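This briefing covers the spaces inside one protein model, the ligand, and a few residues with particular backbone or contact features. Please keep the sequence and structure at hand while reading.

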Amino acid sequence: MRVLMIAPPGAGKGTQGELIAAHFGIPHIATGELLRDHVARRTGLGLAVQGYLDRGEFVPDQIVLDMVREALIAAKAGGGGYVLDGIPRNIEQARAAYEIGLELGMTADVALHLDADDAEVTRRLLARAALEHRSDDTAEVIAQRLALYHQVTSPIICWYRDRGILVSVDAMRPAQQVGREILADLDAMAARPAPVPAPERDLAELATLADAFGVARPAS
Ligand code: AMP
């Protein structure tokens, strides 16, 4: 099973990503976790990205894509399944993730969208702030992360819907209930034949989507 997750901050990507990984015995690749780990270890990469995380901005695409490529190569050696949590965040990353998937023969089977409204995710993130002290769980930075999600990330969802791999779940409910529904939906997706990738058509449609949202057309 190969899953990528798209959700606003605080919708439960981390929790549900872990659950899916355990259920299917596949690695959970969380870009935010990988980046925070670099920051905590004060690696060169960590020092370079810390400001982006603290401000709630996106880290430059190439940094994230290099990390993801490396993690997917490791996932391929481990059987080929994965849960990608936190990427894609924009149309360029969606395109690159699809191209890396094509190159490795492991494009996503499912794009899982966790749907939750701003008031609920803000409440959850502020509650988490009291426990975890993440630098980006302040009211101001949460607002910035949500604005980016609505402007740049959520427009990608319709591309996955058109490709027939979107599963959208109401994530406003308690985590256990959401998790049960996700696993039932993913088990059903796993049982059906995977759609055959049509890279030229898919990439052309993604470019059209980028135009529609006024995003610069990705270089081909
Ligand atoms: P998350 O743990 O998914 O909420 O991500 C925390 C932070 O890591 C984000 O606010 C970004 O600064 C950074 N980040 C995580 N994933 C990406 C990505 N795919 N592209 C750019 N920045 C990312």
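In this predicted model, the count of cavities of 30 Å³ or more comes to 1. The largest cavity has a volume of about 90 Å³, while the largest pocket holds about 980 Å³ of space. The points below take the cavity, the pocket, the ligand and then individual residues.

**Cavity**

- The lining of the largest cavity is made up of 14 residues, and Leu-4, Tyr-82, Ala-97, Tyr-98 and Ala-108 are the ones nearest its centre.
- At least two lining residues come from each of β3 (82-85), α5 (91-104) and α8 (157-162).
- Helix α5 contributes the most to this lining, with 4 residues.
- By class, the cavity lining has 11 nonpolar residues, 2 polar and 1 charged.

**Largest pocket**

- A total of 48 residues line the largest pocket, and those nearest its centre are Lys-13, Arg-36, Arg-128, Arg-134 and Arg-145.
- Elements giving two or more residues to this lining include the strands β1 (2-6) and β2 (28-30).
- The helices that do so are α1 (13-24), α2 (31-41), α3 (44-55), α6 (118-132), α7 and α9 (175-191).
- The pocket lining divides into 22 nonpolar, 12 polar and 14 charged residues.

**Ligand**

- There are 18 residues around the ligand, and the ones that come nearest are Lys-13, Thr-31, Glu-57, Gly-86 and Gln-93.
- Thr-31 has a polar side-chain atom 2.7 Å from a nitrogen atom of the ligand.
- Val-59 places a backbone N or O atom 3.0 Å from a nitrogen atom of the ligand.
- In the side chain of Arg-134, an N or O atom is 3.4 Å from an oxygen atom of the ligand.

- Arg-145 belongs to helix α7 (residues 139-153).
- The relative accessibility of Arg-145 is 13%, under the 20% cut-off, so Arg-145 counts as buried.
- A polar atom of the Arg-145 side chain lies 2.6 Å from the backbone oxygen of Asp-136.
- Apart from neighbours within four places in sequence, Arg-145 contacts Pro-9, Gly-56, Leu-125, Arg-128, Arg-134, Asp-136 and Asp-137.
- Asp-136 is in the loop between α6 and α7.
- Asp-136 also counts as buried, because its relative accessibility is 8% and the cut-off is under 20%.
- Not counting residues up to four places away in sequence, Asp-136 touches Leu-53, Val-141, Ile-142 and Arg-145.
- The C-alpha atoms of Asp-136 and Gly-56 are 6.0 Å apart in space, although the two residues are 80 residues apart in sequence.

**Backbone features in loops**

- The peptide bond between Ile-87 and Pro-88 is cis, with omega about 5°.
- Pro-88 sits in the loop between β3 and α5.
- Arg-42, in the loop between α2 and α3, has a positive phi near 50° and is not a glycine.
- Arg-42 has 58% relative accessibility, over the 50% cut-off, and therefore counts as exposed.
- His-133 is another residue other than glycine with a positive phi, here about 55°, and its place is the loop between α6 and α7.
- His-133 is exposed because its relative accessible area is 64%, over 50%.

**Pro-197**

- Pro-197 is in the loop between α9 and α10 (199-212).
- The relative accessible area of Pro-197 is 39%, between the 20% and 50% cut-offs, so Pro-197 is partly exposed.
- Leaving out residues up to four places away in sequence, Pro-197 touches Tyr-98, Leu-102 and Thr-107.
- Pro-197 and Leu-102 are separated by 95 residues in sequence and by 8.1 Å in space, C-alpha to C-alpha.

Note on methods. Residues are numbered from 1 along each chain as its sequence is written. This is a predicted model: local features need pLDDT of at least 70, side-chain atom pairs count only at pLDDT 80 or more; totals for chains, interfaces and linings use all residues. Side-chain values use heavy atoms; hydrogens and water are left out. Buried means under 20% relative accessible area, exposed over 50%, partly exposed in between (1.4 Å probe, protein chains only). A polar contact is a pair of N or O atoms within 3.5 Å; within protein, one must be able to donate a hydrogen and the other to accept it, and residues adjacent in sequence count only if both atoms are side-chain atoms. Contact means heavy atoms within 4.5 Å. On a 1 Å grid over the protein atoms alone, a cavity is a set of points where a 1.4 Å probe fits but cannot get out, and a pocket is an open set with protein on both sides within 12 Å along at least five of seven lines; lining residues have an atom within 4 Å of a point. Grid points are joined across faces, edges and corners, and a volume is the space filled by probe spheres set on the points. Ala, Val, Leu, Ile, Met, Phe, Trp, Tyr, Cys and Pro count as nonpolar, Asp, Glu, Lys and Arg as charged, and the others, Gly among them, as polar. A residue is near a molecule or strand if one of its heavy atoms lies within 4 Å of it.
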